[in-house]
Amino acid sequence: MENKLRMCVPCHFGLESVLAYEIKKIGGENLTTTDGKISFEGGFDVLAKANLWIATGERVLIELGSFRAESFEQLFDGVMNLPLENFIGREDAFPVKGHALNSKLHSIPDCQKIIKKACVRRLEKAYGISYFEETAAKHQIQFAIHKDIATIYLDTSGVGLHKRGYRRNSNDAPIKETLAAGIVDLARVRADSVVVDPMCGSGTFLIESAYKALKVAPGLRRNFAAEQWSQIPETAWRNARAEAMDAIDRQGAFKAFGFDVDDMAVELTRNNAKKAGVGSKLTVKQQDISKYSQIEGSITIVNPPYGERMLEIKEAEELYKKMGQRLCPSKENPCYIISPHEEFEVFFGKKADKKRKLYNGMIKCNLYMYFK
């Protein structure tokens, strides 16, 4: 098998440029960016590094191939032509899942059946057997059919990359780790930064900031599906992990401060930071935003609560007003606030220097950036 793979990493809309930088840094080549995903090339070493190091992507997929599929026959033939035996062994499990959008083939269960059937037929020919036990390592096949073009992938990550292993518990409105990492990147957190979150919730911004500052690979505390695959040399993972361990820099002057009105959130942040291995870098206290005083020379990153019902929205607007009184963004004290409220700046009382559209799950938000 050729050691040059085409891979694809999906991401939150709005984080493509941040993800592209991460992919180049680990040695990914020939990048192609489309809305919400980046495709690139690299060997097994890059595949392992991508899983360990990518902070803003959702998962690392191997792109097996793309073809036009306006009928089930075309879908079957397209899958039959893919080199599945390069990645799937005779005992490996290969379940199928996926989605279709704006395409003639729109029944997901039917597409799953056809793709599975084609995979079985291809592997029967490759291995000369007619029954697959599927008792060995899981090779999740994913398909995406968009405007009648089918793309078939293999998922190497397993559980999504946002699952770093430190946040087993979270409060009601957590921000996804991958989105938080993207915002931390946009806030230009460095080895000597001081980061503050005055409404820290479960501590995600603070922990992701610590990871960035200390050069901790976000996937270092977890495992990935493809580590079980016999088709990928174990040395690729071993070397990538050893390199990631060597890269950690605990000498930096980085510090983080978290505050929350809720005692349970404070406890949660402390526990999560401890699990993440960065507890010593965080100071967390119970405090209402109305009592907050600006910490000089700090970067503020915050995801204030927002409501969906009318009463909650009014409460959120009052909160934005309080934030405007307590936070004093400047060049020395930049501020990054994510909110779905279109009128956030009006209530906050200050116009952002820059706005960036981001999606928190399905919720369209703006990242309000204050840095002048």
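Predicted model: local features only at pLDDT ≥ 70, side-chain atom pairs only at ≥ 80, totals over all residues.
View 1. D148 sits in the loop between β6 and β7 (149-155); helices (H or I, at least four residues) and strands (E, at least two) are DSSP runs, numbered from the N terminus. Residues are numbered from 1 along each chain as its sequence is written, and side-chain values use heavy atoms, with hydrogens and water left out.

Is D148 buried or exposed? With 9% relative accessibility, D148 is buried (under 20% relative accessible area; exposed is over 50%, partly exposed in between; 1.4 Å probe, protein chains only). You'll find E134 in the loop between α4 (108-127) and β6 (140-146), where E134 is partly exposed at 26% relative accessible area.

**View 2. An open sheet built from seven strands.** Read across, the order is β10-β9-β8-β11-β12-β14-β13, and the pairing is mixed. Two strands pair if DSSP finds at least two bridges between them. At the edges are β10 (282-286) and β13 (354-360), each pairing on one side only. Neighbouring strands are turned by 20 degrees against each other on average, direction ignored; axes are lines fitted to C-alpha atoms, for helices over the stretch in contact, and angles run from 0 to 180 degrees between N-to-C directions.

**View 3. Strands β8 and β9 run side by side in parallel.** Four bridges join β8 (residues 194-197) to β9 (residues 255-260). One to look for: V196 has F257 in β9 as its bridge partner.

View 4. The structure has nine aromatic pairs. (Rings of Phe, Tyr and Trp, using its six-membered ring, pair if their centres lie within 6.5 Å; planes under 30 degrees apart are stacked, over 60 edge-to-face, the rest tilted.) The two residues are four apart in helix α10, so about one helical turn separates them.
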